[in-house]
Structures are given as structure tokens and as C-alpha cells.
Amino acid sequence: LFVGPHGVGKSTVARAWAQELLDHEGKLAVHPDYHELDCDTLRADDVDPIEAARAVIRFMVTKPLLAVRKVALIRHAETLTRTAGDALLKTLEEPRGARVMILTVSHADFVSPTIRSRCQTIVFQPVASEALRAWIAARYPAVD
């Protein structure tokens, strides 16, 4: 469970981790062992949230095609309906084999305690401007 304010980089880190887990350098969207669900788009795209959750479950129970594991990213998981979140519980509780499911949320309290209890939580916080400047200066000394 990646928790942090909007724009802090949760999805960017999740995708980078997914690429590492899948040993993949190309576009994740075309990798058969990667699935991404953006819960914010469900209402806009007129997609049934329960069916979207079931699609993630169906994806997670099949064997990997290319990689040694499967990775699913569920962005903005706090906007899942309670029923859709409940549908994911068994998959979160008892993942089959080498499966990784990453959920991103802006606040941990926005996700049901039942889902939170089945996840490892990683908190993301904005980086202080001074720390960011120091990192850039050390990494790219020729850049003003």
C-alpha cells in the first residue's frame, strides 16, 4: 500500500518497481504479466467497479506468461467502492505464487481497515526543496 499526497510519485515508483520485478525495460502497458487499474477513471469511463476488481482477480490467478511473477497496480484505490474492495480481499489475503499487488492511495484512512491489514504500508512524503537541490547538484554538477 503506497500512501502519500497526490503528485508525490507513488505511481512512478510503483511502475519502476513493476519493471524491476518483471525484468522488463519496455512499456509496461504491453507486458502480459502487468495489469494497471486507475480507479479514478472507472466512473468517467462508465466501468462497473466490481467488474474492474474481478478483472484484476482474473489476471492475478493466471500463470505468468513471460516473467516469473505477475504485478498489478491499482491506482487511487481509495475510490474503489466497498463491494469492489471486498472482492479484492481474498486475492490480497492469499496471493497465488509470485504475485505482487500494489495499491496507491492519498490517505491510508481512506481505505478500509480490512484492506490495510492485508498490506505492507509504505508512506511517501514530499522531498524538501533543499534536499532536492542538493541531490541535483551532486548528481549533475554541470547544471546551474
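Mentor: Before we start: partly exposed covers the range between buried, under 20% relative accessible area, and exposed, over 50%. And keep in mind that this is a predicted model.

Trainee: What makes Arg 118 and Glu 93 a salt bridge?

Mentor: Their side chains meet at 2.4 Å, N to O, and the cut-off is within 4 Å. The pair ties together parts 25 residues apart in sequence, because Arg 118 sits in the loop between H5 and S5 and Glu 93 in helix H4. Arg 118 is partly exposed as well, at 30%.

Trainee: How do you know that Asp 38 forms a salt bridge with Arg 75?

Mentor: The closest N and O atoms are 2.9 Å apart, against a limit of 4 Å. Asp 38 belongs to strand S2 and Arg 75 to strand S3, so this pair links parts 37 residues apart in sequence. Both Asp 38 and Arg 75 are buried.

Trainee: Why are S2 and S5 said to stand at the edges?

Mentor: The open sheet runs S2-S3-S4-S1-S5, with parallel pairing. S2 and S5 each have a single partner strand, so one side of each lacks a neighbour in the sheet.

Trainee: And what makes the span of H4 close to the expected one?

Mentor: Helix H4 has 12 residues and reaches 16 Å from first to last C-alpha, and 16 Å is what 1.5 Å a residue leads you to expect. Its buried residues, including Leu 88 and Leu 92, pack against H3, S3, S4 and helix H5.

Conventions
Residues numbered from 1 in each chain as written. Predicted model: local features only at pLDDT ≥ 70, side-chain atom pairs only at ≥ 80, totals over all residues. Heavy atoms only, no water. Pairing = 2+ DSSP bridges. Helix = DSSP H or I, 4+ residues; strand = E, 2+ residues; numbered from the N terminus. Expected span 1.5 Å × (residues − 1). Buried < 20%, exposed > 50% of the residue type's maximum accessible area, 1.4 Å probe, protein only. Contact = heavy atoms within 4.5 Å.
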